[in-house]
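Okay, thanks for coming, everyone. I've got one model to walk you through today, so let me put it up on the screen.

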Amino acid sequence: MSGLAGILAGHHGAGVYRWHAAFDVADVRHTVEHAGWRFGHVDGWVHQDRAGFLADVGTALSFPAWYGENFDALTDCLRDLDGRTVLLWDGWGTLARGDRSAFDTAVDVLSSRATSPEQPFVALLRGEGPDIEVTSLDD
């Protein structure tokens, strides 16, 4: 699984990455979980706005009932995640094009969470979208 294997093996650091691999979500989940990481999937093709993204990420990562579906609550819940986590965000380009401010805030929150060395966190932005300042795993 190319760049994903490098992340799971510790050859790439935690962070937010663009990823163009066309693997089925179930296969990505299996690979991530087999390596002992938590997996979450956000389908940006279904939830194309700020509210949809926030709700979907809460479901994908099994956030507690008190999760308020706003960026402050997202920050808190991401900070409280136990263990190594990979979040696959398909169709991220829809939010980036439709509400760039919300998208930029989402990426900032995800990037901030990725700085915890004890609990690695990786967000994979898969698919096409506008040009953004995010490292590609495909290079």
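Let's start with one residue and its neighbours. Setting aside anything within four places in sequence, L124 is in contact with L4, I7, Y17, W19, V86, L87, L88, W89 and L137, where contact means heavy atoms within 4.5 Å. L124 sits in strand β4, residues 121-126; helices (H or I, at least four residues) and strands (E, at least two) are DSSP runs, numbered from the N terminus. And L124 is buried, with a relative accessible area of 0%. For that label, buried is under 20% relative accessible area, exposed is over 50%, and partly exposed is in between, with a 1.4 Å probe and protein chains only. The C-alpha atoms of L124 and G15 are separated by 8.5 Å, though the two are 109 residues apart along the chain.

Quick housekeeping. This is a predicted model, where local features need pLDDT of at least 70 and side-chain atom pairs count only at pLDDT 80 or more, while totals for chains, interfaces and linings use all residues. Residues are numbered from 1 along each chain as its sequence is written, and side-chain values use heavy atoms, with hydrogens and water left out.

Zooming out: we have six helices and five strands, and the order along the sequence is α-β-α-β-α-α-β-α-α-β-β. The radius of gyration is 14 Å, close to the 14 Å the globule rule gives for 139 residues, so the protein is as compact as a globular protein of that length. That radius is over C-alpha atoms, and the rule is 2.2 Å times the number of residues to the power 0.38. Of the 139 residues, 49% count as buried. Among contacts between residues at least 6 apart in sequence, 70% join residues at least 24 apart.

Now the rings. There are five aromatic pairs in the structure, counting Phe, Tyr and Trp (its six-membered ring) with centres within 6.5 Å. Ring pairs link F53, W89, W92 and F103 into a cluster, and W89 is also one of the contacts of L124.

Last, the backbone. Most residues other than glycine have a negative phi.

Notes
Rings of Phe, Tyr and Trp (its six-membered ring) pair if their centres lie within 6.5 Å; planes under 30 degrees apart count as stacked, over 60 as edge-to-face and the rest as tilted.
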